[in-house]
Amino acid sequence: MPTAVITGITGQDGSYLAELLLSKGYKVVGMVRRTSTINFDRIRHIQNDIELVQGDLLDQSSLVDIVHEYKPEEVYNLAAQSFVPTSWKQPVLTGEFTALGVTRMLEAIRQVNPGIRFYQASSSEMFGKVVEVPQRESTPFYPRSPYGVAKVYGHWITVNYRESYNLYACSGILFNHESPRRGLEFVTHKVTHAAARIRLGRQKELRLGNLDSRRDWGYAGDYVKAMWLMLQQPEPDDYVVATGETHTVRELCEVAFERAGLDWQEHVVIDPKFLRPAEVDLLVGDPGKAGAKLGWEPEVTFKGLIEMMVDADFEALKSGREV
Ligand code: NAP
Ligand code: G4F
């Protein structure tokens, strides 16, 4: 039974990846940081099947201890400060988690067992003010937020440890991926949740920022399969994971509100508070390499994804489970 360590297991992707690895017979060890209130909502249903261990990307010795004690074959580094607007409010902390945290984990692996296979959760935010459409592995980076800058560091330190120490280290450049487990502050879930609440008479309006920005949105359950596939190849490499389609925030509103039986234009209000100091206007990825080399392709469409999220929000709200 192979062992995998997942950092960020309490997050959206961590929960789906843990499910996938359990279904493949892995022993799953999830690293969680100490918090005053326990935050295991996304992994409660599998809590008896996984092992949780305390650790923090800010604390080098905790990472060394985990790698030493659990002797994983694979480490998936998903933990990060992942919300772009917060990265302008807390740029230094974002750098500590999202950039230097990667080096701390790579160092733990290098020191304890350089044979461990490593996955780094890189991001399409690295492309920022894009210099090529669609974006592929060779597209130069031009990050537009402290988060994007931190992810560029995480990407290159992963490449550097691969080239310097011959580690099996991969960087997955994932475009936006969503699900009913997405944090409520991200735009897809903010919109689907509001559409359901408005329909149920619990809210009247939805305040948003830039409706013109375009994203390549896929389903998180599809994307964690690509993470696993990257670590099963003969050689480590970097891959773009995307759908190849792009949609505006406005289209997202249309689909979500239509699913809820509403006209989005009657409820959406533009609030400058949600505009960003520097915006990423257009993201659309070319998943050709992931298709050709990993045999990976997305299964859930944009419309299917947004409708899935609206339906899940309705179900949760009706059963009294506020998400
Ligand atoms: P998420 O839901 O925000 O989860 C982030 C996870 O990181 C949480 O489990 C959080 O733990 C943990 N964490 C944060 N700081 C930590 C620290 N110092 N030490 C240990 N754990 C820490 O993010 P996600 O959407 O699942 O994304 C997973 C990864 O993929 C992130 O690195 C993100 O930047 C990257 N990514 C995401 C997307 C996307 O569209 N979802 C696209 C590209 C890349 P708590 O529960 O304690 O807060
Ligand atoms: O949902 P978002 O906050 O996601 P964003 O900034 O694209 O970042 C997500 O995807 C990245 C991959 O590209 C990940 F690396 C990152 O960790 C995160 O998961 O915003 C999407 C778009 C932006 O252009 C934003 O300006 O939606 C626009 N938007 C418009 N109104 C809004 C809002 N975003 C949020 N969060 N809230 C709004 O009210």
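Tutor: Let's open with a helix pair: Thr188, His189, Thr192, His193, Ala196, Arg197 and Arg199 of H6 meet Ile306, Met309, Val310, Asp313, Phe314 and Leu317 of H10, where contact means heavy atoms within 4.5 Å. Its residues divide by class into 6 nonpolar, 4 polar and 3 charged. Ala, Val, Leu, Ile, Met, Phe, Trp, Tyr, Cys and Pro count as nonpolar, Asp, Glu, Lys and Arg as charged, and the others, Gly among them, as polar. This is a predicted model, in which local features need pLDDT of at least 70 and side-chain atom pairs pLDDT 80 or more, while totals for chains, interfaces and linings use all residues. Residues are numbered from 1 along each chain as its sequence is written, chains are lettered from A and ligands numbered from 1 in the order in which they are written, and side-chain values use heavy atoms, leaving out hydrogens and water.

Student: Why are H6 and H10 called oblique to each other?

Tutor: The axes of H6 (residues 187-199) and H10 (residues 302-318) cross at roughly 50° and come within 9 Å. Angles under 35 degrees count as roughly parallel, over 145 as roughly antiparallel, 65 to 115 as roughly perpendicular and the rest as oblique. At roughly 50°, H6 and H10 are therefore oblique. Helices here are DSSP runs (H or I, at least four residues; strands are E, at least two).

Student: What is the handedness of the crossing in which H6 passes H10?

Tutor: H6 passes H10 in a right-handed crossing, the label for a near helix turned clockwise from the far one by less than a right angle.

Student: What makes H4 and H5 roughly parallel to each other?

Tutor: The axes of H4 (residues 91-112) and H5 (residues 146-165) cross at roughly 15° and come within 8 Å, so the pair counts as roughly parallel. The crossing of H4 past H5 is right-handed. Residues in the contact include Pro91, Thr94, Gly95 and Arg110 of H4, and Pro146, Tyr147, Ala150 and Tyr165 of H5. By class, this contact of H4 with H5 has 12 nonpolar, 6 polar and 3 charged residues.

Student: Why are H2 and H4 oblique to each other?

Tutor: H2 and H4 pack at about 45° with their axes 9 Å apart, and the pair is therefore oblique. H2 passes H4 in a right-handed crossing. Gln60, Leu63, Val64, Val67 and His68 of H2 meet Arg104, Met105, Glu107, Ala108, Gln111 and Val112 of H4. That contact of H2 with H4 divides into 6 nonpolar, 3 polar and 2 charged residues.

Student: Now the ligands: how many residues surround ligand 1?

Tutor: Ligand 1 is surrounded by 25 residues, with Thr10, Arg33, Asn39, Ser82 and Tyr147 the closest; a residue is near a molecule if one of its heavy atoms lies within 4 Å of it.

Student: Which residues come nearest to ligand 2?

Tutor: Of the 24 around ligand 2, Ser123, Ser124, Tyr147, Arg276 and Glu279 come nearest. A polar side-chain atom of Glu279 lies 2.6 Å from an oxygen atom of ligand 2. Arg182 places a polar side-chain atom 2.8 Å from an oxygen atom of ligand 2, and for a side-chain N or O atom of Lys190 the distance is 2.7 Å.

Student: What is the phi of Lys71?

Tutor: Near 45°, a positive value in a residue other than glycine. Lys71 is in the loop between H2 (60-70) and strand E4 (74-77). Most residues other than glycine have a negative phi, and most peptide bonds are trans. The bond from Val133 to Pro134 is cis, with omega near -5°, and Pro134 is in the loop between strand E5 (117-123) and H5.

Notes. Axes are lines fitted to C-alpha atoms, for helices over the stretch in contact, and angles run from 0 to 180 degrees between N-to-C directions. A polar contact is a pair of N or O atoms within 3.5 Å; within protein, one must be able to donate a hydrogen and the other to accept it, and residues adjacent in sequence count only if both atoms are side-chain atoms.
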